[in-house]
Amino acid sequence: MISNEDLDYCYDFVLKLTIESGKIIRDAIQGSKKIETKAGDWDLVTQYDKKMEEFLINSIAKEFPKHKFIGEETVSSTNSLPELTDEPTWIIDPIDGTTNFVHSFPFTCVSIGLSVKKELEIGIVYNPILEQLFTARRGRGASLNGKPIHASKVEKLEHSLLCLEASYATIESIRDTVLGRMEAFVSVAHGIRTMGSAALTLCYVAMGAAEAYHTDNLMAWDVAAGVLIIREAGGVVIDTNGGEFNVMSPKVVAAGNHKLAIELVKLIKKADFTTLQKKLLH
Ligand code: IPD
Ligand code: CA
Ligand code: CA
Ligand code: CA
């Protein structure tokens, strides 16, 4: 059993830790880094990703020895994704936006979510370069640097700024699908943005700076914190197929409201159909 007081304590402890860990990113972003690739040339990791995750997990585990962890770099090094259980589990992306970090592009963050009984209870996303701290507690709203944030009420794709991830177009097996969806987004919206940090993009939808975000191919640590932040800001996150969102297998359609999310699901289906038709004609 974890009480509200326990959650208050967890939140305060991890918030302080997250802010402290941001110093590692801030001090390192302009300097040279040891860069390695993981799944491909587009999938980078530095010594700082590993250092950050080690610092965060060790510090949280010392304070909460019974808690579990799902962290990107631990999963990468062990090659196994733990199952999400009912136990308190910290879902950690030590640096989200590593490619941005490598290039000193200041759109990068620490992202930490806490799941209890498979319910997201705490979400913290911190960009230490732009000093933007997004936070949420389930049932208590979301904020940016302590001020409440609210998702957009725009219901039409034609009046929206839409975000997606372009980098997946480098993977041959999904290139056509990604480019087809991107073309559909460009032709309907006010504009599209591809920012290179899933966690921060979710937070920008939460604060109403963009209307919606879509990407498949993400992992739990990319989205756990951001999903709670959007929901607490009044927005919605559903699966790309229109069904219920699963944080352990995230296919993301996030939007300021349900109506827009459904419009986006329809647009994606239409784009995929067009891509398939083009393929069949060739
Ligand atoms: C990546 C970023 C990026 C998304 C990738 C993620 P990382 O996380 O969130 O925006 O397109 O799928 O892997 O590797 O920088 O933590
Ligand atoms: Ca990564
Ligand atoms: Ca990530
Ligand atoms: Ca990462």
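Visitor: Which domains does the protein have?
Guide: The model is a predicted one. The domain assignment gives domain 1, residues 4–148, and domain 2, residues 157–281.

Visitor: How far apart are the centres of domain 1 and domain 2?
Guide: Their C-alpha centres lie 22 Å apart. Domain 1 puts 39 residues into the contact, and domain 2 puts in 26 residues.

Visitor: OK, what area do domain 1 and domain 2 bury between them?
Guide: About 2500 Å², with 76% of it on carbon and sulfur atoms.

Visitor: And how many salt bridges are there between domain 1 and domain 2?
Guide: The count is zero. Residue pairs in polar contact between the two domains come to eight.

Visitor: Which strand gives the largest share of the side of domain 1 that touches domain 2?
Guide: Strand 6, with seven residues. By class, that side of domain 1 has 20 nonpolar, twelve polar and seven charged residues.

Visitor: New topic. Which residues are the protein donors of the calcium ion (ligand 3)?
Guide: Asp 93, Asp 96 and Asp 222, each through OD, at 2.1 to 2.2 Å from the ion. Their spacing in sequence is D-x2-D-x125-D.

Visitor: Where do Asp 96 and Asp 222 sit?
Guide: Asp 96 is in strand 4, and Asp 222 is in helix 7, which covers residues 220–232. They are 126 residues apart, so this pair links distant parts of the chain.

Visitor: What distance separates the calcium ion (ligand 3) from the calcium ion (ligand 2)?
Guide: The two ions are separated by 5.1 Å.

Terms used:
Residues numbered from 1 in each chain as written. Chains lettered and ligands numbered in written order. Predicted model: local features only at pLDDT ≥ 70, side-chain atom pairs only at ≥ 80, totals over all residues. Heavy atoms only, no water. Domains from an automatic or database assignment. Contact = heavy atoms within 4.5 Å. Buried area = accessible area lost by both parts, 1.4 Å probe. Salt bridge = Lys/Arg side-chain N within 4 Å of Asp/Glu carboxyl O. Polar contact = N/O pair within 3.5 Å; in protein donor to acceptor, adjacent residues only side chain to side chain. Helix = DSSP H or I, 4+ residues; strand = E, 2+ residues; numbered from the N terminus. Nonpolar A, V, L, I, M, F, W, Y, C, P; charged D, E, K, R; others polar. Donors = N, O, S within 2.8 Å, 3.2 Å for Na, K, Ca; no water.
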